[in-house]
Amino acid sequence: MPDNPPGRFWLPSQPNNPELVAFLEMLEEGVLVVDAARAVHYANPAAGLLAQSLDDDPEDASNPACLLALLPDMLFACTASERWSGDVRDVRSALVFAVRRYPWLVDGKPAHLLLLRDVTEARHRQNELRRRHGELQQAYAHLASAQEQLLQAEKMASIGQLAAGIAHEINNPIGYVHSNLVSLRDYTSGLLELIHAYEHALAPKLDETTLAALTEVRTRIDFDFVSNDLPELINESREGLERVRRIVQDLKDFSHAERKAGWRRSDLLKGLESTLNIVWNDLKYKAKIERQFSPMPLVECLPSEINQVFMNLLLNAGHAIGERGTITLSCGHNAARNEAWISILDSGEGISAEALPRLFDPFFTTKPVGTGTGLGLSISYGIVKKHGGRIEAANATEGGAVFTVVLPVSQPERVKD
Ligand SMILES: Nc1ncnc2c1ncn2[C@@H]1O[C@H](COP(=O)(O)OP(=O)(O)OP(=O)(O)O)[C@@H](O)[C@H]1O
Ligand SMILES: [Mg+2]
């Protein structure tokens, strides 16, 4: 190393080029010339300052050789013509330098020209930007999923309102058709009685021609069959109407829109049965329903929302059953914890180990595109959580999946505000 003023190293290979040296000394970027044996042949003042920022030993404060310790071996392994660039970090000071390596010659032998810049602030800002960007992305995803859930909940609510509105409208005509049918049954039985009475009274007194004409009419209209069938037809119509009435009532119970919405003590089993009737069309060809009910108290809840949970679970159970199977409904009351529970067990495939921890995630679905949105369980989870309860999902020992909804029988005052 030539004899230089402290902190200054000259370029021995360029002793006669004072302009170049003056230029290098003005640069804000640290410049080092290092030979293959990692000996420093030149360092500009900026490199000295960088070294100073690393080293807290004032004796050795501006020795740029200490910068070399930061550089990776792969940089020194570069071939004569190779370039290298990258960031290096000093663990102790946490400073980050951007380093670029160019081929150089010292006394005609391959060496390294190194440019170093302190990028600690810039990298810090970049990292901070990246972190904030990640946070924003997460918040955006969260908002998007919340919006989807809201839309879904709104859709359910408006379907409920629509159903309740239709149910209300259907109720009136059903009412008078039902009462008319009762009158019709009474009138026809009276009329038939009268016809039979006339027949008995007049038949012996009629001449043969009139009797033959009456018999012809009687045969043509199949009077005996009609007089037997008429009351049966009316009864069947009444039964059909009864069924429509029950469905309408189920729709009303399901949506609860005709009552003032809000928390009330409700019979969960009634809600479960109404909901089962609503989704029965989807289940009837594949599932047999078994009931294992034990007594349970009325549960303070938002009934239409709990019915929505039952609907999601019943539909999922139906989907899980391939061809034919059984859905077992059970319920019970844990008096010690004052909790009521309802469980829905199906005889389907069960839940795979990968799906189990993700069931309640919004948009998690294993159903084909366009079939499931993957929101059913996440919405149900939210509803049950709002009630201070929980949904447990498991694979049953006898095969199939079992979902248990556990709800507190009473709600603390603050929840109902
Ligand atoms: N009874 C069940 N047996 C097996 N897997 C089930 C059962 N219930 C739910 N799963 C699994 O959980 C996933 C999520 O259910 P979730 O109800 O949230 O959405 P989905 O039924 O796929 O769609 P949708 O939004 O229409 O309800 C289902 O795709 C299915 O893989
Ligand atoms: Mg579902």
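1. Is Gly134 buried, partly exposed or exposed? At 30% relative accessibility, Gly134 counts as partly exposed, where buried means under 20% relative accessible area, exposed over 50%, and partly exposed in between, with a 1.4 Å probe and protein chains only. Gly134 has its place in helix H4 (residues 120-202), and the C-alpha atoms of Gly134 and Leu211, which are 77 residues apart in sequence, are 98 Å apart in space. Helices (H or I, at least four residues) and strands (E, at least two) are DSSP runs numbered from the N terminus.

2. A word on the basis of these remarks: this is a predicted model, in which local features need pLDDT of at least 70 and side-chain atom pairs count only at pLDDT 80 or more, while totals for chains, interfaces and linings use all residues. Residues are numbered from 1 along each chain as its sequence is written, chains are lettered from A and ligands numbered from 1 in the order in which they are written, and side-chain values use heavy atoms, with hydrogens and water left out.

3. One open sheet is formed by 5 strands in the order S2-S1-S5-S4-S3, with antiparallel pairing; two strands pair if DSSP finds at least two bridges between them. At the edges stand strand S2 (40-43) and strand S3 (84-89), each of which pairs on one side only. Neighbouring strands of this sheet are turned by 25° against each other on average, direction ignored; axes are lines fitted to C-alpha atoms, for helices over the stretch in contact, and angles run from 0 to 180 degrees between N-to-C directions.

4. Within that sheet, strand S1 (residues 30-35) is joined to S2 by 3 bridges, and the two run antiparallel. Leu32 has Ala43 in S2 as its bridge partner, Val33 stands opposite Tyr42, and Val34 stands opposite Val40. The hairpin of S1 and S2 has 4 residues between the strands, and in this hairpin Arg38 takes a positive phi near 65°. S1 is also joined to strand S5 (residues 109-118), in the antiparallel sense, by 6 bridges, and in S5 the bridge partner of Asp35 is Ala111.

5. How many residues of S1 are buried? The count is 6 of the 6, so S1 is largely enclosed by the rest of the structure. In a regular strand the side chains alternate between the two faces of the sheet. In S1, Gly30, Leu32 and Val34 point one way and Val31, Val33 and Asp35 the other way, and all are buried.

6. A further open sheet of 5 strands has the order S7-S9-S10-S12-S11, with mixed pairing. Strand S7 (287-293) and strand S11 (390-395) stand at its edges with a single partner strand each, so one side of each is left without a neighbour in the sheet. Its neighbouring strands are turned by 15° against each other on average, direction ignored. Strand S10 (residues 339-346) and strand S12 (residues 401-408) pair in the antiparallel sense over 7 bridges, and Ile344 has Phe403 in S12 as its bridge partner.

7. Helix H7 (residues 268-283) packs on this sheet, touching S7, strand S9 (325-334), S10 and S12, and the direction of H7 makes about 170° with that of S7. Ser330 is found in strand S9 and, at 11% relative accessibility, counts as buried. Leaving aside its neighbours within four places in sequence, Ser330 is in contact (heavy atoms within 4.5 Å) with Gln292, Phe293, Trp341, Ile342 and Ser343.

8. Why does the length of helix H8 (residues 303-320) agree with expectation? At 1.5 Å a residue, the 18 residues of H8 should span 26 Å, and its end C-alpha atoms are 26 Å apart; the expected span is 1.5 Å times one less than the number of residues. Among the buried residues of H8 are Ile306, Val309, Phe310 and Leu313.

9. The axes of H7 and H8 come within 9 Å and cross at roughly 40°, and the two helices are therefore oblique to each other; angles under 35 degrees count as roughly parallel, over 145 as roughly antiparallel, 65 to 115 as roughly perpendicular, and the rest as oblique. Residues of H7 including Leu272 and Leu276 meet residues of H8 including Phe310 and Leu314.

10. The axes of H8 and helix H9 (residues 376-386) come within 9 Å and cross at roughly 145°. The contact is made by residues including Ile306, Val309 and Leu313 of H8 and Leu377, Ile379 and Ile383 of H9.
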